[in-house]
Amino acid sequence: MAGAIASAGAVLCLSSQKPFKPLHFSTKTNTFHFSKPEVSAFPRYSARVRPVISPCNCFSSNTTHYEFSDGSSEVELRLQLGGQDDVSAKDILVDADGTSLIVKVRQAGSFATLIDTNSLFEKIKPAETIWYIDDDQLVISLKKQDPDLKWPDIKESWESLSAGSMQLLKGTSIYIVGDSTEINQKVARELAVALGYTPLVTKELLETFTKQTVDSWVLTEGSDSVAEAESAILESLSSHVRTVVATLGGSHGAAGRTAKWRHLYSGFSIWLSQTEALDEDSAQEEARRHIEDGSVGYSNADVVVKLQGWDADHAKSVAQASLSALKRLILSDKKLPGKKSLYIRLGCRGDWPNIKPPGWDPSTATDAPPPATLPN
């Protein structure tokens, strides 16, 4: 299963070697490894974000069933004990830590695993974990670090991310960018279905309008012409909400050009980036080069997902990693959706992320007035 870790201007590395194998993740402010995260600083936005998502590696026995409820400041998990009448507290092992939970029960002299996950839906306060036995159920109460976040389920999964992302995105659109138009489209459609958003494909819009394929357009008029046309479409889409937009890949796409990001900043952007790195260190170095160089337009993206190889059958895995990354990004700064909305209302002037006050004109401004702020 694909893993996910991301942040503002982040890089998420996945590997797709039959099928997907997590490689490495780094952000413009942090560098992480899945097992034991290490943090190092990278310059990025004025507001630093430091989110982490671990790959979902969940296990529960086939005979284990659970009930889950969210009680605002805490979540409750009820696990069936299999009809054992003589289970006592000494037969129970509950180990909760951050985003992980292991629950075992002693059966016939050995411990059987009821649940083992290192990917709870969000972080908990392990020191405040409470559990007790209620008839044939083990009841576990976990205190949430963020009481305002509604948990759809105990574990982070495709289903829980799909259900839980709406409260975070608040209708903000998503743009999928990267070198492959095909990958952009397939992942965008998975995200749109999961979120109930409208899927839009700039390639289809361009070809419908011009009555010719993008490839033939590039041959006759050049890639600059195509990029300009896609940029105009992105401008018209920038005021839309609840859409997932798949952009053109390759050199003729607007997103690959640093100067064409003015309207892409109106939504959350995800760069689907393929890599030939064979290990975590190589992926990390590649990510750092792209981040520090900044010459590739895609490096402007809010979240970057790195893929080694591609298989269309795993588009949902990439989409899940993207949602997981977006969740961490927004939880690191809950004002981001509102800031995106403000950016749109002020006319998508290209002043992201340091939004200038109303009346600021990028074509005439010679100074740097203080950025506009959102009301508390």
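The model is predicted, so local features are reported only at pLDDT of at least 70 and side-chain atom pairs only at pLDDT 80 or more, while totals for chains, interfaces and linings use all residues. Residues are numbered from 1 along each chain as its sequence is written, and side-chain values use heavy atoms, with hydrogens and water left out.

Let us start with the overall picture. The chain has 9 helices and 15 strands; here helices (H or I, at least four residues) and strands (E, at least two) are DSSP runs, numbered from the N terminus. Of its 376 residues, 50% are buried, where buried means under 20% relative accessible area, exposed means over 50%, and partly exposed lies in between (1.4 Å probe, protein chains only). Among contacts with a separation of 6 or more, 65% join residues 24 or more positions apart; contact means heavy atoms within 4.5 Å.

Two strands count as paired if DSSP finds at least two bridges between them.

Strand β10 (residues 137-143) has 6 of its 7 residues buried, so the rest of the structure largely encloses it. With β5 (residues 74-80), β10 pairs in the antiparallel sense over 7 bridges, and Glu76 has Ser141 as its bridge partner in β10. With β9 (residues 130-134), β10 forms 5 bridges, again in the antiparallel sense. Ile133 is bridged to Leu138 of β10, and Asp134 stands opposite Gln137 in β10. The hairpin of β9 and β10 leaves 2 residues between the strands, and Asp135 in the turn has a positive phi of about 55°.

A second open sheet has 3 strands, in the order β6-β7-β8 with antiparallel pairing. Its edges are β6 (92-97) and β8 (110-117); each has a single partner strand, so one side of each is left without a neighbour in the sheet. Between β6 and β7 (residues 100-107) there are 6 bridges in the antiparallel sense, with Asp95 opposite Ile102 in β7.

Now for the interior. Nonpolar side chains tend to be buried together in soluble globular proteins. The largest nonpolar core has 81 residues, and Leu101, Val103 and Ile270 touch the most other members. Helix α8 (residues 315-332) gives the most to this core, with 9 residues. Domain 1 (66-144) and domain 2 (158-346) both give residues to this core, so the core lies between them; the bounds come from an automatic or database domain assignment. A nonpolar core is a set of buried Ala, Val, Leu, Ile, Met, Phe, Trp, Tyr and Cys residues joined through side-chain atoms within 4.5 Å. Leaving aside residues up to four places away in sequence, the residues that Val103 touches include Leu79, Leu93, Leu114, Leu138 and Ile140.

Helix α9 (336-345) has Leu336, Pro337, Lys340, Leu342 and Tyr343 buried. These buried residues pack against α2, β14 (268-274) and α8. Just after α9, Gly347 takes a positive phi of about 105°. In the segment after α9 lies Pro353, and the peptide bond from Trp352 to Pro353 is cis, with omega near 5°.

Most residues other than glycine have a negative phi, and most peptide bonds are trans. Two lysines are worth a look here. Lys170, in the loop between α2 (166-169) and β11 (174-178), has a positive phi near 55° and counts as exposed at 59% relative accessibility. Lys211, in the loop between α4 (202-210) and α5 (214-221), has a positive phi of about 60° and counts as exposed at 71% relative accessibility.
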